[in-house]
Amino acid sequence: MAQGGARVVVLDARAPGEDGFSRGVGLALVGTEEHPHHLAGGLGLERAAEYVEFSRRSVVALGALGAVHPGPTLRIAFGEREEGDLVAGDALGETLGLDRSVWTQDQVAALLGGPAPGAARASKGDLHVDPAASLSALRQAAGAAGVVLRYNAAAPAAWRRSGPRSRRGA
């Protein structure tokens with residue numbers, strides 16, 4: 001928004017690094033962790049494809065900030081039911097534009113250098129993120145674009161009562 005010419009102020013109730021993302025596992029996924037056939041079952045095929053494309057653009061934008069390493073990420077199946085979900089999801093993943101493949105239990109074991117609990121889905125395009133470094137880069141990019149960042153700040157009472165709204169000219 002700031003790059004488009006809008007005046008932007010971000011109010012954050014916490015200080016940098018005090019949220020779940022900055023302390024998280026550091027994964028940015030194209031699509032979701034959910035199996036593709038479950039995503040399409042809940043949203044419909046067209047909306048699921050739109051969601052996957054939105055998430056892809058988000059991952060690419062995050063990757064442009066740096067402090068990331070490209071995937072693949074692995075989702076290891078625990079038990080026959082989940083292995084079936086991997087296979088069903090792999091078939092639909094291609095339709096949704098996901099670059100995923102199913103690895104056998106032996107392939108996972110070779111990667112781990114020991115026994116594996118089951119097969120896995122390998123997802124290319126995902127990122128392994130350094131959350132704190134990525135947030136720092138995002139703050140720097142926002143500041144360079146003219147965004148005013150306020151930490152440990154609550155939204156004014158009038159905003160909290162009425163909910164989010166446009167603040168044109170503010």
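Why does Phe 54 count as partly exposed?

1. Phe 54 counts as partly exposed because its relative accessibility is 48%, and a residue is called exposed only over 50% and buried under 20%. This value, like the others in this note, is computed from a predicted model.

2. Phe 54 belongs to helix 2, which spans residues 45–64. Together with Leu 43 and Tyr 51, Phe 54 makes up a nonpolar patch on the surface. The accessible area of these three residues together is about 280 Å².

3. Helix 2 also has a defined relation to the strands. Helix 2 lies across strand 2, strand 3 and strand 7, and runs at about 45° to strand 7.

4. These strands form an open sheet of 3 strands, ordered 2-7-3, with antiparallel pairing. Strand 2 and strand 3 (68–70) are the edge strands, each pairing on one side only.

5. The pairing of strand 3 with strand 7 (residues 127–129) is antiparallel and consists of 3 bridges. Within this pairing, Pro 70 has Leu 127 of strand 7 as its bridge partner.

6. A separate point concerns His 35, which is placed in the loop between strand 2 (27–28) and helix 1 (36–43). His 35 is buried because its relative accessible area is 2%, where the limit for burial is under 20%.

7. Which residues does His 35 touch, not counting those up to four places away in sequence? The contacts of His 35 are with Arg 75, Glu 82, Asp 85, Leu 86 and Arg 121.

How values were computed: Residues are numbered from 1 along each chain as its sequence is written. This is a predicted model: local features need pLDDT of at least 70, side-chain atom pairs count only at pLDDT 80 or more; totals for chains, interfaces and linings use all residues. Side-chain values use heavy atoms; hydrogens and water are left out. Patches are made of residues with over 30% relative accessible area and no salt bridge: like charges are joined within 9 Å, nonpolar side chains (Val, Leu, Ile, Met, Phe, Trp, Tyr) within 5 Å. Accessible areas come from the Shrake-Rupley method with a 1.4 Å probe; for residues, only the protein chains shown count as cover. A salt bridge is a side-chain nitrogen of Lys or Arg within 4 Å of a carboxyl oxygen of Asp or Glu. Helices (H or I, at least four residues) and strands (E, at least two) are DSSP runs, numbered from the N terminus. Buried means under 20% relative accessible area, exposed over 50%, partly exposed in between (1.4 Å probe, protein chains only). Contact means heavy atoms within 4.5 Å. Two strands pair if DSSP finds at least two bridges between them. Axes are lines fitted to C-alpha atoms, for helices over the stretch in contact, and angles run from 0 to 180 degrees between N-to-C directions.
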